[in-house]
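Student: Could we go through this structure together? I would like to know how to read it.

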Amino acid sequence: MSALRSVVVGTGSCLPERAVTNAMLAERVETSDEWIVQRTGIRQRHIAADHETTVSLGTGAARAALDAAGLGPADIDLVICATSTPDHTFPATATEIQAALGIGQGAAFDLQAVCAGFVFGVTTADKFLVTGAAKRALVIGAETFSRIVDWEDRTTCVLFGDGAGAVVLEAREDEAGRGVLSSSLRSDGRHRDKLYVDGGPGSTGTVGHLRMEGKEVFRFAVGQVTDVIADAFARAGLGAAELDWFVPHQANRRIIEASADKLGIAREKIVLTVDRHGNTSAASIPLALDVAVRDGRIKVGDLVMIEAIGGGFSWGAALIRW
Ligand code: UT7
């Protein structure tokens, strides 16, 4: 009998209806399509309308992932939602999504590691599944960053977008070696002031706005994120040459390409969606995974690396045999 592994059996995503181009943003703040494309690779992002919320987007993504897996609400006994933009301070977004889907068993909770939240979520779910504590988990990344960006600040408001993505992980004794093979997580709270929100229930009693020292985050991202990727490869006894798809957090095309180059990952193995989604924080990786699964790039048996870095700083990587 082989050991239990967390195998991806379905993916899904959900975007707000409205896509906002760089040109549309340039009517609101002093910026240009040329600057945004050249510095970030972003061409458009989706922005939630009043009726579209983190819960509604997360529910849409989770439902699509369940459909793709051919599963229903009775099959799920763990829901983890990675988000920094919950609809409410409490209850957890995950419990609101759980209820919307009609899931009445198991545990549901939110996980907050900002842009690295989905990698932390997959790693956490994996621990439940490989120990037999749960059988099937929905891991969701859902965000409405448009509600916490300062729309007067052109250095940040052009970067972010809204959306949600989800995967279903199933505990299996998989002879073919599928599943989460390894992961590596890191946090260092000393970097708090480089990327944070200037409000919250325990401090100002307000939601606050996102603040970022972009250059510092850029430097740290390119310098540090390769550590967790190298560690995840080493733990699995695999390397960049064996990788089929690199699915990084979609914050900035330049960060993504610099990280891939540093690790010897060929550019054609990168799944890039930052051009159409912008930075959707915890939602960016599951959104990108769903795009690449549905367009036929990621197939069963492929070796996939996910990685992200964000506020905290918190960063992580996970290697998955699809
Ligand atoms: O999700 C995780 C966290 N976030 C990130 O990963 C973001 C990391 N950082 C970045 O992606 C980049 O640092 C940015 C895209 C945010 C900025 O790019 P940069 O090459 O570091 O530009 P910069 O901040 O050095 O700004 C260069 C110039 C400045 O003008 P001066 O001082 O040279 O005259 C800015 O005022 O660009 C100006 N600028 C803009 N111009 C047009 C800043 N924002 C804009 C804008 N449109 N939206």
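Predicted model: local features only at pLDDT ≥ 70, side-chain atom pairs only at ≥ 80, totals over all residues.

Student: How many residues surround the ligand, and which are the closest?

Tutor: The ligand is surrounded by 23 residues. The closest are Thr31, Arg39, Lys215, Asn252 and Asn279.

Student: What classes of residue are in that shell?

Tutor: The shell around the ligand contains 11 nonpolar residues, seven polar ones and five charged ones.

Student: Which domains does the shell draw on?

Tutor: At least three residues come from each of domain 1 (5-172) and domain 2 (179-321).

Student: How far is the side chain of Lys215 from the ligand?

Tutor: An N or O atom in the side chain of Lys215 is 2.8 Å from an oxygen atom of the ligand. For the side chain of Asn252, an N or O atom is 2.7 Å from a ligand oxygen atom. Arg154 uses its backbone: one of its backbone N or O atoms lies 2.9 Å from a nitrogen atom of the ligand.

Student: And how much of the ligand does the protein cover?

Tutor: On its own, the ligand has 960 Å² of accessible area, and the protein covers 74% of that.

Student: Now the sheets. What is the strand order in the sheet of five strands?

Tutor: This open sheet has the order E1-E7-E6-E4-E5, and its pairing is mixed.

Student: Why is one side of E1 and of E5 left without a neighbour in the sheet?

Tutor: Strand E1 (5-14) and strand E5 (107-111) stand at the edges and each has a single partner strand, so one side of each has no neighbour there.

Student: How do E4 and E5 run, parallel or antiparallel?

Tutor: Strand E4 (residues 78-82) and E5 run parallel and are joined by five bridges. Cys81 has Asp110 in E5 as its bridge partner.

Student: What about the sheet of four strands: what is its order?

Tutor: The order is E8-E13-E12-E11, in an open sheet with mixed pairing. Its edge strands are strand E8 (179-187) and strand E11 (245-248), each pairing on one side only. On average, neighbouring strands of this sheet are turned by 10° against each other, direction ignored.

Student: How many bridges join E8 to E13?

Tutor: Eight bridges join E8 to strand E13 (residues 314-321), and the two run antiparallel. Ser182 stands opposite Leu319 in E13.

How values were computed. Residues numbered from 1 in each chain as written. Heavy atoms only, no water. Near = heavy atom within 4 Å. Polar contact = N/O pair within 3.5 Å; in protein donor to acceptor, adjacent residues only side chain to side chain. Areas by Shrake-Rupley, 256 points an atom, 1.4 Å probe, with all protein chains shown as cover. Nonpolar A, V, L, I, M, F, W, Y, C, P; charged D, E, K, R; others polar. Domains from an automatic or database assignment. Pairing = 2+ DSSP bridges. Axes fitted to C-alpha atoms, helices over the stretch in contact; angles between N-to-C directions.
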